[in-house]
Amino acid sequence: MSYRQFLGSYTSASERYAEVFYGILMVTGCTGLVALGVPKEEAGVLIMFYTALIVNILWGLIDGFTVIYGTMVDDVAEDLAVKNLRADGGDEAAEDVLDNLDGSLVGKMKEEDKAEVVKVIRSAKSYMPVVNRIGLSEIKRILAIFSLDFICVFPVAIPYLLADDVTVAARWSFVIATFLMAFLGYRWAKYARMRRWWIAIAFGSFTIFLLILSFLLGGI
Amino acid sequence: MMKGPAIAKNTVDGLSIAPKKVFNFIGETLSLGDRLSELLYGVLMVSAISGLVVVVGPRDESGIEYMLVVLFISIIMWGLLDGISYALLGAANRAERETLLESLQEEKDLQKRRAAIEEDLGDTFLARLDDESRSRIVELVDQGLPKEGEKMRRNRLTTYEKKVVVAAFLLDFIPLLILVVPYLYADSLATAALISHTIALVMFIFIGFFYAKYANLNKWKGAFAAGLIGLIVIVFSDVTGLVLI
């Protein structure tokens with residue numbers, strides 16, 4: 001299985017955009033802060049590189065685990081909603097169940113058709129509550145999310161591998177991050193059928209703001 | 001047996017009106033899993049950023065002021081970006097569903113159409129129903145979907161998604177209000193950071209406990225895992241500090 005197929009199997013396209021967004025943001029924000037206190041010569045550049053690397057390793061793992069745990073919590077909440085509905089729950093229970101289906105095709109149906117779906121759930125022969133555990137597929141999902149965050153370090157951290165001076169490296173890093181964010185915003189907006197250029201400019205502005213902030217605080 | 005909603009309701013009932021409204025708003029807008037994740041991110045960001053600032057910020061009396069400014073700016077930024085990305089994620093999912101609907105409207109092969117519907121519903125709890133009920137629902141969805149309609153040309157954030165931005169922002173901001181208190185009262189930056197990081201560690205443990213509790217997992221393992229993550233983040237900030245010093 002190629003890496004592309006692996007990502008496709010364990011993450012949705014919108015999730016991948018969001019993870020790359022967080023990855024770039026984390027590495028840019030944290031290096032911007034650390035730039036305030038490092039020695040400006042070569043030793044500082046290495047510290048910046050390792051900081052970027054460790055920040056995104058930590059963030060990638062935490063992000064992966066929270067996505068999995070968050071999904072598990074929501075799965076149990078869905079089970080509770082179904083259980084309430086099947087135990088003669090009224091309109092409120094039906095509404096809870098339909099809320100959980102709003103993101104699926106059921107959300108596109110008319111109210112009377114949704115009521116039919118509720119009837120089938122209520123009278124279904126059986127419903128198997130979720131059994132949460134961290135198995136192989138959950139670990140693979142965590143790794144997929146982690147890898148997306150981790151990969152984002154490299155384009156933004158390249159200047160720290162090539163430059164001798166922290167200020168120069170940090171400025172180049174911010175320039176790369178700005179273009180990456182703008183590109184990401186464009187692609188994400190295109191996928192979501194939103195205003196591409198508007199979102200590209202907004203995303204690019206985030207890193208420009210971080211750059212100005214770091215500059216004002218005396219970092220670069 | 002889950003007692004979550006009842007506990008949450010009682011807790012909210014004991015609050016004065018303004019915080020109660022805020023908690024109700026967050027509860028109505030974000031799912032329980034999302035609320036716990038956002039809280040964890042908030043604690044994580046405050047403790048990591050404050051750890052870095054202790055090291056790189058000024059060490060004289062202005063250190064505390066500097067810390068407060070950086071923390072507030074960073075968390076406001078983070079909260080907004082987090083909320084915006086969350087809302088965009090929702091908008092992208094909506095566009096994804098719209099694309100699927102358009103392809104279903106063009107698909108004439110019944111089998112293929114129903115297989116696509118089943119795949120979409122497979123991501124929901126409906127996958128846990130018995131086969132017969134699941135097939136019946138696929139049939140109902142196939143018959144109930146709009147057969148034709150205007151294609152979505154421009155997607156915009158809905159009112160709900162705008163509320164999500166605010167709710168995610170508030171949840172990121174709440175840990176800041178708790179963890180910033182030591183910086184307002186302590187005499188030195190180091191003492192304030194120590195107290196704030198200890199509180200953050202306790203918050204990590206609590207969030208891990210509740211994560212596991214509401215996911216029907218071992219609560220103490222959850223508390224331990226989240227506590228360990230918190231400890232690693234805080235130690236990482238300090239180690240970065242040691243390197244920098």
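**Figure 1. Burial and overall form of chain A.** Buried residues account for 47% of the 220 residues in chain A. The model shown here and in the other views is a predicted one. Chain A contains nine helices and zero strands. Read from the N terminus, its elements follow the order α-α-α-α-α-α-α-α-α. The radius of gyration of chain A is 23 Å, whereas the globule rule gives 17 Å for 220 residues; 23 Å is well over that value, so chain A is more spread out than a compact globule. Along the principal axes, the C-alpha trace of chain A spans about 70 × 40 × 35 Å. Of the contacts in chain A with a separation of 6 or more, 68% are between residues 24 or more positions apart.

**Figure 2. Helices and burial in chain B.** The secondary structure of chain B consists of 10 helices and zero strands. From the N terminus on, these elements run α-α-α-α-α-α-α-α-α-α. Chain B has 245 residues, of which 40% count as buried. When contacts in chain B between residues at least 6 apart in sequence are considered, 68% join residues at least 24 apart.

**Figure 3. The contact between chain A and chain B.** Chain A gives 58 residues to this contact, and chain B gives 60 residues. On the side of chain A that touches chain B, the elements that give two or more residues are helix H2 (13–34), helix H3 (42–86), helix H4 (91–101), helix H5 (111–123), helix H8 (166–191) and helix H9 (196–216) of chain A. The most is given by H3(A), with 18 residues. By residue class, this side of chain A divides into 38 nonpolar, 11 polar and nine charged residues.

**Figure 4. The largest nonpolar core.** In soluble globular proteins, nonpolar side chains tend to be buried together. The largest nonpolar core in this model has 142 residues. Those that touch the most other members are A:Ile24, A:Val27, A:Met48, A:Val73, B:Ile207 and B:Tyr211. H3(A) gives the most to this core, with 18 residues.

**Figure 5. The surroundings of B:Tyr211.** When residues up to four places away in sequence are not counted, B:Tyr211 touches A:Tyr69 and A:Val73 in chain A, together with B:Leu36, B:Gly222 and B:Ala226 in chain B. Both B:Tyr211 and A:Val73 are among the residues that touch the most other members of the largest nonpolar core.

**Figure 6. The packing of H2(A) and H9(A).** Two packed helices are described by the angle between their axes and the distance between the axes. Here the axes of H2(A) and H9(A) come within 9 Å and cross at roughly 10 degrees. Because angles under 35 degrees count as roughly parallel, H2(A) is roughly parallel to H9(A). On H2(A), the contact is made by A:Thr28, A:Gly29 and A:Gly32, and on H9(A) by A:Thr207, A:Leu210 and A:Ser214. The residues of this contact divide into one nonpolar, five polar and no charged.

**Figure 7. The position of A:Ser214.** A:Ser214 lies in helix H9 of chain A, and A:Ser214 is one of the residues through which H9(A) contacts H2(A). A residue is buried if 20 or more other C-beta atoms lie within 10 Å of its own. A:Ser214 has 22 other C-beta atoms within 10 Å and is therefore buried. From C-alpha to C-alpha, A:Ser214 and A:Arg122 are 57 Å apart in space, and they are 92 residues apart in sequence.

Key: Residues are numbered from 1 along each chain as its sequence is written. Chains are lettered from A and ligands numbered from 1 in the order in which they are written. This is a predicted model: local features need pLDDT of at least 70, side-chain atom pairs count only at pLDDT 80 or more; totals for chains, interfaces and linings use all residues. Helices (H or I, at least four residues) and strands (E, at least two) are DSSP runs, numbered from the N terminus. The radius of gyration is taken over C-alpha atoms; the globule rule is 2.2 Å times the number of residues to the power 0.38. A residue is buried if 20 or more other C-beta atoms lie within 10 Å of its own, exposed if 12 or fewer, and partly exposed in between; C-beta atoms are placed from the backbone. Two residues are in contact if their C-beta atoms, placed from the backbone, lie within 7 Å. Ala, Val, Leu, Ile, Met, Phe, Trp, Tyr, Cys and Pro count as nonpolar, Asp, Glu, Lys and Arg as charged, and the others, Gly among them, as polar. A nonpolar core is a set of buried Ala, Val, Leu, Ile, Met, Phe, Trp, Tyr and Cys residues joined through C-beta atoms within 7 Å. Axes are lines fitted to C-alpha atoms, for helices over the stretch in contact, and angles run from 0 to 180 degrees between N-to-C directions. Angles under 35 degrees count as roughly parallel, over 145 as roughly antiparallel, 65 to 115 as roughly perpendicular and the rest as oblique.
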